[in-house]
Amino acid sequence: MPSQDRWAEVDDYLTGLLVPEDPVLDHVLSASAAAGLPPINVAPNQGKLLHLLAVITRAHTILEVGTLGGYSTVWLGRALPEHGRLVTLEGDPRHAEVARSNLEAAGLLGKVDIHIGPAQQTMAQLVTAGMGPFDLIFLDADKQGYPAYLDYSLSLSRPGTVLIADNVVRDGRVADPDSGDGAVEGVRSFLELVADEPRLSATAVQTVGAKGYDGFALAVVGS
């Protein structure tokens with residue numbers, strides 16, 4: 001069976017071939033590391049996937065739940081048309097400050113609104129304010145909150161909205177109903193809700209790479 005080293009080697013090869021060096025994105029990563037943010041951003045090839053999904057869906061409005069240092073925000077923001085908007089939610093004010101600086105360096109602050117606070121609270125505020133519908137929603141925050149984020153996401157969607165949820169495989173532990181891990185339990189509840197939701201058509205894909213063994217869920221809102 002291939003090892004973690006082999007997965008990382010393949011990631012390096014694919015990224016080197018298909019994801020060109022980018023000084024702005026490199027700056028986002030280095031600035032986030034210098035600020036002490038945890039290195040849990042998506043990998044470069046995963047960031048490119050998010051970008052391509054936003055381009056394919058011709059997204060004009062994007063909601064991101066979990067900003068961190070803004071790495072995935074830059075990937076998504078670059079896919080927006082001239083008058084597109086991206087709303088990103090971050091619970092940690094320090095992370096949001098780093099992200100704001102990174103987005104300014106990327107020339108994207110004019111398209112991005114950063115909301116600070118617990119995601120369930122800020123998503124509820126978006127619903128109350130009549131925000132949306134969003135064309136694409138990316139969930140990449142605390143996994144225990146995923147079931148609630150799904151409910152709010154549906155309120156902020158329209159038929160055709162694409163929903164992407166990251167980190168849903170959890171090193172394969174998602175298949176264990178007795179893991180006792182809150183993150184795993186949150187993901188399992190989320191996936192079960194997705195499966196039972198008649199408005200959603202969904203799948204989930206396992207991934208391996210430099211970030212280890214994980215995966216993402218992809219869903220489309222129907223009528």
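Predicted model: local features only at pLDDT ≥ 70, side-chain atom pairs only at ≥ 80, totals over all residues.
The search for open space begins with the largest pocket, which holds about 800 Å³. Its lining counts 46 residues, and those nearest the centre of the pocket are Ile40, Asp140, Lys143, Asp166 and Asn167. Several elements share in the lining of the largest pocket: helices H3 (44–56) and H4 (71–77), together with strands E2 (85–90), E5 (162–166), E6 (200–209) and E7 (212–221), each supply at least two residues. Helix H3 gives the most, with 5 residues. By class, this lining comprises 21 nonpolar, 16 polar and 9 charged residues.

Two of the residues nearest the pocket centre, Asp140 and Lys143, are also partners in a salt bridge, with an N to O distance of 3.5 Å. Lysine 143 is buried, at 8% relative accessibility, and aspartate 140 is likewise buried, at 15%.

The largest cavity has a volume of about 50 Å³. Leu29, Ser32, Leu37, Pro38, Asn41, Leu68, Gly69, Gly70 and Tyr71 make up its lining, which divides into 5 nonpolar and 4 polar residues, with no charged ones.

Across the whole structure, 7 salt bridges are found. One of them joins arginine 85 to aspartate 113, whose closest N and O atoms are 2.7 Å apart. This pair links distant parts of the chain, with arginine 85 in strand E2 and aspartate 113 in strand E3 (residues 112–116), 28 residues apart. Both partners are partly exposed: arginine 85 has a relative accessible area of 29%, and aspartate 113 stands at 31%.

A further salt bridge brings together aspartate 135 and arginine 158 (2.8 Å, N to O). Here, too, distant parts of the chain are linked, as aspartate 135 sits in the loop between helix H6 (119–128) and strand E4 (136–139), while arginine 158 sits in the loop between helix H7 (146–155) and E5, the two being 23 residues apart. Aspartate 135 is buried, with a relative accessible area of 11%, whereas arginine 158 is partly exposed, at 28%.

On the surface, Val10, Tyr13, Leu14, Leu17 and Leu18 form a nonpolar patch with about 480 Å² of accessible area together. Leucine 14 belongs to helix H1 (residues 4–18) and is partly exposed, with a relative accessible area of 33%. Valine 174, by contrast, is buried at 18%; this residue is found in the loop between E5 and helix H8 (182–196).

Definitions and conventions. Residues numbered from 1 in each chain as written. Heavy atoms only, no water. 1 Å grid on protein atoms, 1.4 Å probe; cavity = no way out; pocket = protein on both sides within 12 Å on 5 of 7 lines; lining within 4 Å. Points joined across faces, edges and corners; volume = space filled by probe spheres on them. Nonpolar A, V, L, I, M, F, W, Y, C, P; charged D, E, K, R; others polar. Patch = residues over 30% accessible without salt bridge, like charges linked within 9 Å, V, L, I, M, F, W, Y side chains within 5 Å. Areas by Shrake-Rupley, 256 points an atom, 1.4 Å probe, with all protein chains shown as cover. Salt bridge = Lys/Arg side-chain N within 4 Å of Asp/Glu carboxyl O. Helix = DSSP H or I, 4+ residues; strand = E, 2+ residues; numbered from the N terminus. Buried < 20%, exposed > 50% of the residue type's maximum accessible area, 1.4 Å probe, protein only.
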